[in-house]
Amino acid sequence: MDSDSVKKAIIKQVLIESNTANARQLIEKINENCFEKCIPKPGSSLSSGEKTCVTACMEKYMAAWNQVNKTYLQRIQQEVGNNSFST
Amino acid sequence: MDGGLTQAESRELDARIQKRQVKEFMNVFGNLVDNCFTSCVDDFTSKALSGRENGCLSRCVLKSMTTQTRLGERFGELNAAMTAEMQQKMR
């Protein structure tokens, strides 16, 4: 295996690891937030209303994650653009 | 040879520092989403974010970033002032 493919393999491995950690953290946060928002009085089982709320909450959280990501990147790119024009 | 790091040790240190920085950034990002979600999203009768919620999230992110920058600057200012004061006292 030449050094280039070794490098690529390492990068791939690092990305997989960081994505896994990412996903794990995301699920943790979704659990916390959606439990808090959707299940004010925990009973011994989830009502269908609570289930619907949790599903909607999860979808919204992931959409929020994407929106934050997009906004963050846009702002960073703006900064980089500004810096490269300043002398 | 003095008590410095060998090249291999130096590389290892750099790799560890970078890993930690990435982890830390992911933490910051996760908390950002958490906070903005809590502040901006309350209506779970639909599965999609409304335009209002999207806008709120955007503004929340930008405000957080600006705040962080300002906090960093302010911290630097205070640090510099403290250092200057200490140097004064040592004269």
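Which residues do ring pairs link into a cluster? I found A:Trp65, A:Tyr72, B:Phe25 and B:Phe29.

**Ground rules.** I noted that this is a predicted model, where local features need pLDDT of at least 70 and side-chain atom pairs count only at pLDDT 80 or more, while totals for chains, interfaces and linings use all residues. Residues are numbered from 1 along each chain as its sequence is written, chains are lettered from A and ligands numbered from 1 in the order in which they are written, and side-chain values use heavy atoms, with hydrogens and water left out.

**Rings.** Helices here are DSSP runs of H or I with at least four residues, numbered from the N terminus. I checked burial too: both A:Tyr72 and B:Phe29 are buried (under 20% relative accessible area; exposed is over 50%, partly exposed in between, with a 1.4 Å probe and protein chains only).

I then looked at B:Phe37 and B:Phe44, whose ring centres are 6.2 Å apart with planes at 35°, so I wrote the pair down as tilted. B:Phe37 is buried, at 0% relative accessible area. B:Phe44 counts as buried as well, at 10%.

**Helix 1 against helix 2 in chain B.** A reminder to myself: two packed helices are described by the angle between their axes and the distance between the axes. Helix 1 (residues 7-40) and helix 2 (residues 51-90) of chain B pack at about 135°, with axes 9 Å apart. Axes are lines fitted to C-alpha atoms, for helices over the stretch in contact, and angles run from 0 to 180 degrees between N-to-C directions.

**Helix 1 of chain A against helix 1 of chain B.** How are these two helices oriented to each other? They are roughly parallel: helix 1 (residues 3-38) of chain A and helix 1 of chain B pack at about 20°, with axes 11 Å apart. On the chain B side, B:Phe37 takes part in the contact, and A:Asn22 and A:Lys29 are among the residues on the chain A side.

**Two single residues.** I looked up A:Arg75, which lies in helix 2 of chain A. At 17% relative accessibility, A:Arg75 counts as buried. Not counting residues up to four places away in sequence, A:Arg75 touches B:Leu62, B:Met65 and B:Thr66.

B:Glu9 is in helix 1 of chain B and is partly exposed, at 42% relative accessible area. From B:Glu9 to B:Ser58 I noted 49 residues in sequence and 42 Å in space, C-alpha to C-alpha.

Technical notes. Rings of Phe, Tyr and Trp (its six-membered ring) pair if their centres lie within 6.5 Å; planes under 30 degrees apart count as stacked, over 60 as edge-to-face and the rest as tilted. Angles under 35 degrees count as roughly parallel, over 145 as roughly antiparallel, 65 to 115 as roughly perpendicular and the rest as oblique. Contact means heavy atoms within 4.5 Å.
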